[in-house]
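Please find below a short note on the structure under review.

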Amino acid sequence: MSNYSHRVTEEEEREDLTINQILRRNFTFSSRFKTKIKFQKLVDLNGEQSPGYLRPKAGDEIVVRLPEETSDFPMEDIPVSPLYEDEDILIIDKQPGVTVHPTKGHPSHTLANGIMKYMHDTDQSFKIRFANRLDMDTSGIVIVAKNANSQNDISHQMRNQTTVKKYRAVVLGDVKEDFFTIDLPIGRPFEDQVQRSVMAEGGKDAVTDVQVLEHFGDRYTLVELTLHTGRTHQIRVHLSHIGHPIAGDQLYGGDDSHIQRQALHSCYLKFLHPMSHEPLEIRSELPEDIQKCIAEIKNESEQ
């Protein structure tokens, strides 16, 4: 796992800055991580643990060590398919039918359990922190942050809507417009129900761009969705509300004649790497079951 390091500049020496001031200038650490830095004494100056009030010289190296952490989920032999990995993040191509982390309804057989085995097999140890989540039956890109600061940085980007998140879906009906935006608030009408809906009062802002990719006769359409907000079930609710539910999405009115889960896949994600702040673009191809669904629909539309 990488640490945060900084070589002190001549300007910083001239300004007579302390270690703490230099860290604040060069890094955007979360409040929780700042507290850990202080109380766990995680700052080194030229290889030796040092207090934050010291004033280093030009050329000195300040290193903030990341604390060793781990998760304690039971290991399970659940496939983990990395799309990208380094010392700070693990990006996975999640299969459908698997929840991301244990819940009351799904206490085991989750992606987190599979990651525990993946860590064992690859001789790693980190606390599993999901920076984004997908519904159990939605496939595609999931980011695991390997440390608290990486999670905080990516979450901050998502809250500020500086990331680009795209999905592909097979929807019922012939979507007439090539491109349009759905800007309708979403909420949960009843607290004891999983289902969400468009709500004029009490809903939260939700914005989805819709781009038509391919028409399959007048019965189905392949679309690409760009999310500008991240409400629970946002794409599923929006598409159902405009009369084009996702194929296989029985909760929101989609038929299951070609696929047994919602034909929804997280296919593209662009964000800044939490350590280097260089742009990262991650792509995921449509999984086999959605490809099979499309092939069957094409075959029917051509008959």
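This is a predicted model: local features need pLDDT of at least 70, side-chain atom pairs count only at pLDDT 80 or more; totals for chains, interfaces and linings use all residues.

1. The largest nonpolar core holds 45 residues, and the members that touch the most others are Ile 115, Ile 128, Phe 130 and Val 170. Helix 4, spanning residues 111–121, gives the most to this core, contributing 6 residues.

2. Leaving aside residues up to four places away in sequence, Phe 130 is in contact with Val 100, His 101, Leu 111, Ala 112, Ile 115, Val 142, Ile 143, Val 144 and Gln 151. As general background, nonpolar side chains in soluble globular proteins tend to be buried together.

3. Helix 2 covers residues 19–26, and its buried residues are Ile 19, Ile 22 and Leu 23. These residues lie on the same side of helix 2 because they cover an arc of only 100° around the axis. The elements covering them include strand 1 (4–7), helix 1 (10–14), strand 2 (43–45) and strand 4 (61–64).

4. Which residues of helix 6 are buried? Helix 6 runs through residues 234–241 and is mostly covered, with 6 of its 8 residues buried. The buried residues are Gln 234, Ile 235, Arg 236, Val 237, His 238 and Leu 239.

5. The backbone just after helix 6 also deserves mention: Gly 243 adopts a positive phi of about 90° there.

Methods: Residues are numbered from 1 along each chain as its sequence is written. Side-chain values use heavy atoms; hydrogens and water are left out. Buried means under 20% relative accessible area, exposed over 50%, partly exposed in between (1.4 Å probe, protein chains only). Helices (H or I, at least four residues) and strands (E, at least two) are DSSP runs, numbered from the N terminus. The arc is that of the directions from the helix axis to the C-beta atoms. Contact means heavy atoms within 4.5 Å. A nonpolar core is a set of buried Ala, Val, Leu, Ile, Met, Phe, Trp, Tyr and Cys residues joined through side-chain atoms within 4.5 Å.
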